[in-house]
Amino acid sequence: MHRLALFDLDGTLADRQLAFSDAVIGLCRTHSFTPDIEHWLLTELADRANPSDFIRLHDTFDLVVPGAQLWQEHVDLMAAAVTCRP
């Protein structure tokens, strides 16, 4: 069996922006985050996200949920939300 991996670094094949906003909204709903947190996520993570961003989120808003957990949830939500362009 052959395996193939495609990397879409410029958004040509997959719509990252739609997946990103869906993932942020899903994360905020799951944890009942305020609109301030949703706005922060949409603004701060618009270009790229990494684990340290979620540590900063945790610290900025004094959240109960650990930053590492929020990062993993975000990654899972992004993976589920990404769709390929026709």
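Helix axes are lines fitted to C-alpha atoms over the stretch in contact, and angles between N-to-C directions run from 0 to 180 degrees. In these terms, α3 and α4 pack with their axes 8 Å apart, at an angle of about 125 degrees. The model is predicted, so that local features need pLDDT of at least 70 and side-chain atom pairs count only at pLDDT 80 or more, while totals for chains, interfaces and linings use all residues. Residues are numbered from 1 along each chain as its sequence is written, and side-chain values use heavy atoms, with hydrogens and water left out.

**Nonpolar core**

- The largest nonpolar core holds 17 residues, of which F33, L41, F54, L57 and L70 touch the most other members; such a core is a set of buried Ala, Val, Leu, Ile, Met, Phe, Trp, Tyr and Cys residues joined through side-chain atoms within 4.5 Å.
- At least two residues of this core come from each of α1 (16-31), α2 (35-44), α3 (51-61) and α4 (67-81); helices (H or I, at least four residues) are DSSP runs numbered from the N terminus.
- The greatest contribution to this core is that of α1, with six residues.
- Contact means heavy atoms within 4.5 Å; leaving aside neighbours within four places in sequence, F54 is in contact with L27, L41, L45, A49, G67, L70, W71 and H74.

**Packing of α3 with α4**

- The angle of about 125 degrees makes α3 oblique to α4; angles under 35 degrees count as roughly parallel, over 145 as roughly antiparallel, 65 to 115 as roughly perpendicular and the rest as oblique.
- The crossing of α3 and α4 is right-handed: a crossing is right-handed if the near helix is turned clockwise from the far one by less than a right angle, and left-handed if anticlockwise.
- On the α3 side P51, F54, I55, L57 and H58 take part, meeting G67, A68, L70, W71 and H74 in α4.
- This contact of α3 with α4 comprises seven nonpolar, three polar and no charged residues; Ala, Val, Leu, Ile, Met, Phe, Trp, Tyr, Cys and Pro count as nonpolar, Asp, Glu, Lys and Arg as charged, and the others, Gly among them, as polar.

**Packing of α1 with α2**

- The axes of α1 and α2 lie 10 Å apart at an angle of about 150 degrees, and the two helices are therefore roughly antiparallel to each other.
- The crossing of α1 and α2 is right-handed.
- F20, S21, V24, I25, L27 and C28 in α1 meet E38, L41 and L42 in α2, a contact with seven nonpolar, one polar and one charged residues.

**Packing of α1 with α4**

- The axes of α1 and α4 cross at roughly 135 degrees and come within 8 Å, which makes α1 oblique to α4.
- In a right-handed crossing, α1 passes α4.
- The α1 residues in this contact include R16, A19, F20 and D22, and those of α4 include Q69, L70, E73 and H74.
- By class, the contact of α1 with α4 divides into eight nonpolar, five polar and three charged residues.

- H74 lies in α4 and is buried, with a relative accessible area of 5%; buried means under 20%, exposed over 50% and partly exposed in between (1.4 Å probe, protein chains only).
- Beyond its neighbours within four places in sequence, H74 is in contact with F20, A23, A49 and F54.
- M78, also in α4, counts as buried at 14% relative accessibility.
- Neighbours within four places in sequence aside, M78 is in contact with R16, A19, F20 and A23.
- The C-alpha atoms of M78 and L18 are separated by 9.5 Å, although the two residues are 60 residues apart along the chain.
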